Amino acid sequence: MEVTIPTSLKEITCLQLHKITEAVKLIDNETLLKMTIVSIVCELPLEKVVTFSMSDINEIADSVLNLLNSKPQIEHFTIDGIKFGFIPNLDAMSGSEFLDAEMYLNADIFKAMAVLYRPIKREKNKLYTIEKYKGSDKYAELMQKAPASAYIGAKVFFSSLTIDLLTTIPQYTLKNLTSSEVALLEKNGVGISQLMNSLEEIGSDLKKLYHN
């Protein structure tokens, strides 16, 4: 029997990625988890996968996990004849777009994709415009067919952006403290160096949390 094994994140769909993440949450047994991953990416029933040799199961599952741990570039993709592009100008994102992206990136793969990728309206060379945001539901179902590389690439990029924004808070907070506020903190036993260390620790913890 011929088995198709993905060799790139582009060959794994967002639906398959969703199934894998759910399996990781629910299955404690490592062997069963690997069998389930093979079943998902090779589109085979679990009853068939259990007949494979353990060396084959380990090899396929480990190769998939390595792919999922990579950091792909953000690229366009086409689903059912519709070409989708990543938001070209993050500075121009509306509050609702940013909030929805932040909320769905770790909660709903398909809705997150529907926020960050939309149909390309006009394109010239490397410049393009996308359809205006009309809510995450419009393309969520279609995004099940999107490549996992698009989601992971966008998540890494957007999460890095969010972490960078959060870690600027210590500097911004200290910069905007008035002399009376500093005096009040010191009166209550919180020196400026102690506050600085505390805020920097928060920023460091955020980065560690992301990279883990």
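Is lysine 83 buried, partly exposed or exposed? Lysine 83 is partly exposed, because its relative accessible area is 35%, and the class runs between 20% and 50%. The model is predicted, and every value here is computed from it.

Start with the partner of lysine 83. Its side chain meets that of glutamate 123 in a salt bridge, at 3.1 Å from N to O. Lysine 83 sits in strand 2 and glutamate 123 in strand 3, so the pair ties together parts that are 40 residues apart in sequence. Glutamate 123 is also partly exposed, with a relative accessible area of 39%.

The structure holds nine salt bridges. Another of them joins aspartate 137 and lysine 111, at 3.4 Å from N to O. This pair links distant parts of the chain: aspartate 137 belongs to helix 7 (residues 137–140), lysine 111 to helix 6 (residues 109–116), and 26 residues separate them. Aspartate 137 is exposed, at 57% relative accessibility. Lysine 111, at 22%, counts as partly exposed.

Now turn to helix 2. Here lysine 34 forms a salt bridge with glutamate 30, with the closest N and O atoms 3.7 Å apart. Both residues lie in this helix, four residues apart, or about one turn. Their surroundings contrast. Lysine 34 is buried, because its relative accessibility is 11% and the limit is under 20%. Glutamate 30 is exposed, at 54%. A network of salt bridges links Glu30, Lys34 and Asp62. Helix 2 (residues 30–41) also holds threonine 36, which is buried at 15% relative accessible area. The C-alpha atom of threonine 36 is 8.2 Å from that of valine 49, which is 13 residues away along the chain.

Next come the aromatic rings. The count of aromatic pairs is five. Phenylalanine 77 and phenylalanine 84 have ring centres 5.5 Å apart and planes at 15°, so this pair is stacked. Both residues are buried. Phenylalanine 86 and phenylalanine 157 pair edge-to-face, at 5.9 Å between centres and 90° between planes. Phenylalanine 86 is in strand 2 (residues 82–86) and phenylalanine 157 in helix 8 (residues 148–167), so that the pair links distant parts of the chain, 71 residues apart. Phenylalanine 86 is buried, at 6%, whereas phenylalanine 157 is partly exposed, at 42%. Ring pairs link Phe77, Phe84, Phe86, Tyr117, Tyr139 and Phe157 into a cluster.

Finish on the surface. Lys121, Arg122, Lys132 and Lys134 gather there in a patch of positive charge. Lysine 121 lies in strand 3 (residues 117–124). Lysine 121 counts as exposed, because its relative accessibility is 52% and the threshold is over 50%.

Technical notes:
Residues numbered from 1 in each chain as written. Predicted model: local features only at pLDDT ≥ 70, side-chain atom pairs only at ≥ 80, totals over all residues. Heavy atoms only, no water. Patch = residues over 30% accessible without salt bridge, like charges linked within 9 Å, V, L, I, M, F, W, Y side chains within 5 Å. Areas by Shrake-Rupley, 256 points an atom, 1.4 Å probe, with all protein chains shown as cover. Salt bridge = Lys/Arg side-chain N within 4 Å of Asp/Glu carboxyl O. Lys, Arg positive; Asp, Glu negative; His and termini not counted. Charge placed at Lys NZ, Arg CZ, Asp CG, Glu CD. Helix = DSSP H or I, 4+ residues; strand = E, 2+ residues; numbered from the N terminus. Buried < 20%, exposed > 50% of the residue type's maximum accessible area, 1.4 Å probe, protein only. Phe/Tyr/Trp six-rings, centres within 6.5 Å; stacked < 30°, edge-to-face > 60°.
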